[in-house]
Amino acid sequence: MSPRAGLSVQRVVAAAAELADEIGFEQLTLSAVARRFGVKDPSLYVHVRNLRDLRVRVALLAGGELNDRIAEAIAGRAGRDALFAFADAYRGYVLDHPGRYAATQIRMDPADLADAPELRRSVDLVDAMLRGYGLPEPAHLDAARLLRSTFHGFATLEAAGGFAHSRPAADTWRAVLDALDRTLSNWPIPE
């Protein structure tokens, strides 16, 4: 079967990412993407192997976009400034692209990751941001896990409407980042 005119892997994945933001990543199907292009499902199999392949490709696209946003935000910054810029870029991406962000949370096989520099870049960005705090291993890894857990938890709860209280979520976000900065600056280092 030859590729349908106008369709490409990039266009199919981009449409799937947009659809994930609209309807939720868990609702993403090949049929829904095919309808977006006005084609039948089999037309997509020229571009992606199956739904799993499409979801992995959306996850890699989203991971690259998130990393680009973070890299731009932290460029030339260190310490507290880098932490706040990193966190704001992360939170902003989750709020702007909830379906794409959900894609970044799927478990991937090592074969899926073999050609995925996007994922290595995320580790490098965290390392660059944390460098300003001078944490040795294993404190560095522990701090990275704390940050990811906090950013992910806060942003996904906010995106789901979990902070519909009288105090604006943005105010709480600033307080959380202040607390994280103090924690990173005073991380207990075992002797």
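This is a predicted model: local features need pLDDT of at least 70, side-chain atom pairs count only at pLDDT 80 or more; totals for chains, interfaces and linings use all residues.
**Stop 1: the main core**

Select Leu 83, Phe 86, Leu 130, Phe 151 and Leu 184. The largest nonpolar core has 36 residues, and these five touch the most other members. Helix H3 (51–74), helix H4 (79–96), helix H7 (117–131), helix H8 (139–159) and helix H9 (169–185) each give two or more residues. H4 gives the most, with 10 residues.

Centre on Leu 130. What does Leu 130 touch, once its neighbours within four places in sequence are left aside? The list is His 140, Ala 143, Ala 144, Leu 147 and Leu 184.

**Stop 2: H3 against H4**

The crossing of the two helices is right-handed. For the H3 side of the contact, select Ala 62, Glu 65, Leu 66, Arg 69, Ile 70, Ala 73 and Ile 74. For the H4 side, select Ala 82, Ala 85, Phe 86, Ala 89, Tyr 90, Gly 92, Tyr 93 and Asp 96. Colour the contact by class: 11 residues are nonpolar, 1 is polar and 3 are charged.

Keep Glu 65, Arg 69 and Asp 96 on screen. These residues of the H3–H4 contact come back at the next stop.

**Stop 3: salt bridges**

The whole structure holds 12 salt bridges.

Start with Arg 100 and Glu 65. Their closest N and O atoms are 2.9 Å apart. Arg 100 is in helix H5 (residues 98–103) and Glu 65 is in helix H3, so the pair links distant parts of the chain, 35 residues apart. Buried or partly exposed: which is Arg 100? Arg 100 is buried, because its relative accessible area of 11% is under the 20% cut-off. Glu 65 is partly exposed, at 25%.

Next, select Asp 96 and Arg 69. Their side chains meet in a salt bridge, 3.0 Å from N to O.

Then go to Asp 181 and Arg 80. The closest N and O atoms here are 3.2 Å apart. Asp 181 is in helix H9 and Arg 80 in helix H4, 101 residues apart. Asp 181 counts as buried, at 11% relative accessibility. Arg 80 is partly exposed, at 38%.

For the network, select Glu 18, Glu 22 and Arg 36. Salt bridges link these three residues.

**Stop 4: Arg 91**

Stay on helix H4 and pick Arg 91. Is this arginine buried or exposed? Arg 91 is buried, since its relative accessible area is 13% and the limit is 20%. Show the surroundings. Leaving aside neighbours within four places in sequence, Arg 91 is in contact with Phe 154, Ala 155, Glu 158, Ala 169, Ala 170 and Trp 173.

**Stop 5**

Move to Ala 128 in helix H7. Ala 128 is partly exposed, with a relative accessible area of 32%. Draw a C-alpha to C-alpha distance from Ala 128 to Ala 71. The value is 9.6 Å, and the two residues are 57 apart in sequence.

Now select Pro 138, in the loop between H7 and H8. The peptide bond from Glu 137 to Pro 138 is cis, with omega near 0 degrees.

**Stop 5: H2**

Finish at helix H2 (residues 30–37). Which of its residues are buried? They are Leu 30, Ala 32, Val 33 and Ala 34. Show helix H1 (9–23) and H3 as well: the buried residues of H2 pack against both.

Note on methods: Residues are numbered from 1 along each chain as its sequence is written. Side-chain values use heavy atoms; hydrogens and water are left out. A nonpolar core is a set of buried Ala, Val, Leu, Ile, Met, Phe, Trp, Tyr and Cys residues joined through side-chain atoms within 4.5 Å. Buried means under 20% relative accessible area, exposed over 50%, partly exposed in between (1.4 Å probe, protein chains only). Helices (H or I, at least four residues) and strands (E, at least two) are DSSP runs, numbered from the N terminus. Contact means heavy atoms within 4.5 Å. A crossing is left-handed if the near helix is turned anticlockwise from the far one by less than a right angle, and right-handed if clockwise. Ala, Val, Leu, Ile, Met, Phe, Trp, Tyr, Cys and Pro count as nonpolar, Asp, Glu, Lys and Arg as charged, and the others, Gly among them, as polar. A salt bridge is a side-chain nitrogen of Lys or Arg within 4 Å of a carboxyl oxygen of Asp or Glu.
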